[in-house]
Amino acid sequence: MTDWHPTACILCSRNCGLLVQVEDGHLTKIRGDKNHPVSAGYMCQKAAQLDHYQNNADRLTQPLKCQEDGSYQPIDWQTAIIEIADRLLDLKQTYGKDCLAFYGGGGQGNHLGSMYSSTFRDALEIPYYYSALAQEKTGDFWVNGKLFGRQNCHTTEDIEQADCVLFIGTNPWQAHGIRNARPTLKQIANDNQRTMIVIDPRRTETAALADMHLQLRPGTDAFLLSAMLAILVQEGWEDQAFLQEHTVGFAEVRACLQTIPIDDYIERAGVDADLVYEAVRRFATAKSATVRVDLGLQQSLNSTLNSYLEKLLFLLTGNLGKPGGNNFHTFFLPWVGHSDGHAQPLRQTKATGITEIAQLFPPNVLPAEIESDHPQRLRGLMIDSANPVISGADTQAYQRAFTKLDLLVVVDVAMTETARYADYILPAASQFEKWEAAFFNLEFPTNAFHLRKPLFAPFADTLPESEIYRRLAVAIGAIPERYPVLEQVARWHGRWPQLGLYRIALVAAMALQPKLRRTVAFALQGSLGKALPDDSIAPFWGVSQLYVQQHGEAVARTGLPGRGGRLAEALFQRILHGHSGTPISQHRYEDTWSLMGYKDQKVRLAIPELLAELRTLQAQSTYSWPEYPLMLIAGERRMYNANTIYRNPQWRQNDAEGVLKIHPMDAATLDFADGDPALCESPWGELLVQVKLCDTLRPGVVSLPHGYGLDYPDPNGKRTRSGPLLNLLTGARYCDTISATPFHKNVPVRLKPIEIGMLANLK
Ligand SMILES: Nc1nc2c(c(=O)[nH]1)N[C@H]1C(S)=C(S)[C@@H](COP(=O)(O)OP(=O)(O)OC[C@H]3O[C@@H](n4cnc5c(=O)[nH]c(N)nc54)[C@H](O)[C@@H]3O)O[C@H]1N2
Ligand SMILES: Nc1nc2c(c(=O)[nH]1)N[C@H]1C(S)=C(S)[C@@H](COP(=O)(O)OP(=O)(O)OC[C@H]3O[C@@H](n4cnc5c(=O)[nH]c(N)nc54)[C@H](O)[C@@H]3O)O[C@H]1N2
Ligand code: SF4
Ligand SMILES: [Mo]
């Protein structure tokens, strides 16, 4: 009988535990792993296709260097590493470190390498770190900083226990984002004691299960949510005891909310007023209520303000820090930073002057930073685990800007549209060919972590990122090739971890050599790593130590023995041997408050910048694109899209074309029938699409899927683009003023019929 091996799905932030069978380098059978502490056997239809990630025609096999004629030739690892290191150092010396940036460093499932890439980044002092997170979540992080004292005080949702669940701009049925989405949603729908409310311009699969659906006009969340909050205070439904005990600033917020013209705002949002009043009543009077949001709220007009308003909903009703509410969670490895200007001055980009949030910079400004004529413009860029030519707003801007870089290095498993602009392409081993882990450990009260063993040896001449960045760090002179003393002590540790000798030696070495402190991930890899099944996992020993220092009691509550260093050792051993994932901490609900940034544990409800924006909302015109009468949702999550992780379009079991959904009324006005081709034009670009009539949309709204438009060889070997490359339609400057997150969900467009004869001339 063939063995089932534990691993995880790498397609979305849930990282469901899987059991797989393998044969001849293929994943042959895939099912959910019941032993996974969070997903407990769940998986969705996308995971069944994972062999398309592992095996496809675009897998990179060896390092490549771009030649003068634009072609790529193989180059050996050592030469590539030395040339890249020299060119990075040379750029830094010639133009100063501000000319360097890093993008990505971990996708939906491969975060282990980011411990090494971030250490390399720090060692080279690369100041600008761009990330896909900063085109969705930085508005949220900024608000968290103001309300809770730190930008990484991130809240989770206790959906399973909530009496009332409010989903705003998210469709968990398809996108997941919550634990075991489909059974969880069905459970709420089948329980008439509980209420599900959805705010979405489409009647999504989630909305169809809901008790109430507020099908708003896209981009009007700030109007609808502020009207809901105004109703809440008008009716006196706020939780006075909670506000008194846990917050300051309510009077100021209430004064602002009392000026909201409720009926006008509800009308602008285009929803039925009675439905809105009833939704507020149900939410505010439920025993427990939680708010779950995602891109529909964060990638739409007023995005940072929206993030504030949705949080006020659970804060004013006292739903923070209790079962069935929103709660702070721990991070096993804190991958969201905090930028407050105290530890070091806040960094700003040179050309667009955008300020860091959570230590991140937004992809929306990247092309402008490269194309600028500022003397310290961006010249050297490293991209790892991201495909911004496809996924960033304004594809044309990326294509233009990337040709103006002095150096572009791409680390990926596949030959991507972004890699085609690189000077050097470094091939990474796939996530099933190396030890891996995802840092999306956002659970509360029980948090969990899953370290995965490789299923296969690295393909061809590929390397894991831990080794790629180690070699680069050695080549720039940041770390030694070996750590002989620590390595020796680590051997003893391997035999007698209970003596804690390695810990003492490491602390002493860091005290003696401050440089080692900055590159400790590599020191662990090069010493303790030698005594472990794989050197790349050694930093988790250090991470376990830090996690226990901060959350020791919660770690002990999971049933682990000892305290301090011993407890950390026990946690590390459990992670190392728990191949289906393990719990790492068990908090009590009241502990939520100790996870907050402000020492007095009081939420600062009034955010002056956003209250000011709220006061001027009325003057905001609801629609300012008369030439573009339709509103495009540019990036819907469907059955068969998964970012740009699968390259072979064959993985899709339906919707190969990635159709543009349009309401039958709009289709009738424009004289379109199902399956017609159309030209979709926005103020920023145009795209050929195929229309599909769909009455679940609000009239006036059209929708295209995210993650299409990749080039892949067809059966004759000819590279062909499949489906809409929708970022040809989006604009880099069409974004939030505070966070620069794009307004992808509210792109103004118009549709034109096209003759079949015109097709050949179009993109
Ligand atoms: N199948 C699949 N699942 C995925 C992914 C994938 O590519 N495919 N990607 C993963 C990633 S990276 C992410 S970030 C998540 C995103 O997960 P979600 O944000 O849940 O998914 P989306 O479909 O992008 O958008 C959510 C909803 O917002 C609605 N919406 C559009 N405009 C507005 C508006 O103005 N206001 C409101 N209130 N709603 C609006 C849309 O109709 C849509 O139903 O999904 C993850 N899961
Ligand atoms: N218009 C529009 N644009 C969007 C969105 C939208 O809704 N609308 N959604 C946005 C969102 S929420 C997100 S998160 C981004 C996602 O877009 P990106 O940040 O570009 O990330 P992915 O598409 O997940 O691409 C992951 C890359 O990692 C590579 N990879 C896979 N495994 C490994 C590995 O082990 N090592 C290395 N080095 N590489 C690996 C894959 O080959 C792929 O090239 O797209 C955004 N773009
Ligand atoms: S795509 Fe997300 S929800 Fe589906 S199996 Fe993978 S991790 Fe789980
Ligand atoms: Mo995302």
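**Figure 1. Contacts of Ser722 in the predicted model.** Setting aside neighbours within four places in sequence, Ser722 is in contact with Pro649, Arg652, Tyr708, Gly709 and Leu710. This model is predicted. Ser722 sits in strand S29, which covers residues 719-722. Its relative accessibility is 18%. The cut-off for a buried residue is under 20%, so Ser722 counts as buried.

**Figure 2. The salt bridge between Asp58 and Arg647.** Asp58 pairs with Arg647 in a salt bridge. The closest N and O atoms of the two are 2.8 Å apart. Where do Asp58 and Arg647 lie? Asp58 is in the loop between helix H1 (51-54) and strand S4 (64-66). Arg647 is in the loop between strand S23 (630-636) and strand S24 (660-662). The pair therefore ties together parts that are 589 residues apart in sequence. Asp58 is buried, at 3% relative accessibility. Arg647 is buried as well, with a relative accessible area of 4%.

Figure 3. The side chains of Glu157 and Arg292 form a salt bridge, at 3.4 Å from N to O. Glu157 belongs to strand S8 (residues 155-157). Arg292 belongs to strand S13 (residues 289-293). Are Glu157 and Arg292 buried or exposed? Glu157 is buried at 18% relative accessibility. Arg292 is buried too, with a relative accessible area of 11%. The pair is also part of a network. Salt bridges with shared partners join Glu136, Lys137, Glu157, Arg292 and Asp294.

**Figure 4. The salt bridge between Glu487 and Arg482.** Glu487 forms a salt bridge with Arg482. Their closest N and O atoms are 2.9 Å apart. Glu487 has 7% relative accessibility and counts as buried. Side chains of opposite charge can pair when their charged atoms come close. Over the whole structure, the search finds 45 salt bridges.

**Figure 5. The buried face of helix H10.** Helix H10 spans residues 250-257. Which residues of H10 are buried? They are Phe250, Val253, Cys256 and Leu257. Seen down the axis of H10, these buried residues fall within an arc of 130°. They therefore line one face of the helix.

**Figure 6. The interface of domain 1 and domain 3.** The domain assignment of the chain gives domain 1 (5-54), domain 2 (152-331) and domain 3 (623-762). This view shows domain 1 and domain 3. Their centres, taken over C-alpha atoms, are separated by 30 Å. The contact takes 9 residues from domain 1 and 10 residues from domain 3. About 870 Å² of area is buried between the two domains. Carbon and sulfur atoms give 64% of that area. Which residues of domain 1 lose the most area to domain 3? They are Leu11, Gln45 and His52. Together these three account for 55% of what the domain 1 side buries. How many salt bridges and polar contacts are found between domain 1 and domain 3? The count of salt bridges is 0. Polar contact is found for 4 residue pairs across the interface.

**Figure 7. The cis peptide bond of Phe444 and Pro445.** Phe444 and Pro445 are joined by a cis peptide bond. Omega is about 0° there. Pro445 is in the loop between strand S18 (436-437) and strand S19 (446-449).

Figure 8. Asn302 has a phi near 60°, a positive value in a residue other than glycine. Where is Asn302 found? It is in the loop between helix H13 (295-298) and H14. Asn302 is buried, with a relative accessible area of 7%. Asp655 is not a glycine, yet its phi is positive, at about 50°. Asp655 has its place in the loop between S23 and S24. Arg647, shown in Figure 2, also lies in the loop between strand S23 and strand S24.

Notes. Residues are numbered from 1 along each chain as its sequence is written. Chains are lettered from A and ligands numbered from 1 in the order in which they are written. This is a predicted model: local features need pLDDT of at least 70, side-chain atom pairs count only at pLDDT 80 or more; totals for chains, interfaces and linings use all residues. Side-chain values use heavy atoms; hydrogens and water are left out. Buried means under 20% relative accessible area, exposed over 50%, partly exposed in between (1.4 Å probe, protein chains only). Helices (H or I, at least four residues) and strands (E, at least two) are DSSP runs, numbered from the N terminus. The arc is that of the directions from the helix axis to the C-beta atoms. Domain bounds come from an automatic or database domain assignment. Contact means heavy atoms within 4.5 Å. Buried area is the accessible area (1.4 Å probe) that two parts lose on being put together, summed over both. A salt bridge is a side-chain nitrogen of Lys or Arg within 4 Å of a carboxyl oxygen of Asp or Glu. A polar contact is a pair of N or O atoms within 3.5 Å; within protein, one must be able to donate a hydrogen and the other to accept it, and residues adjacent in sequence count only if both atoms are side-chain atoms.
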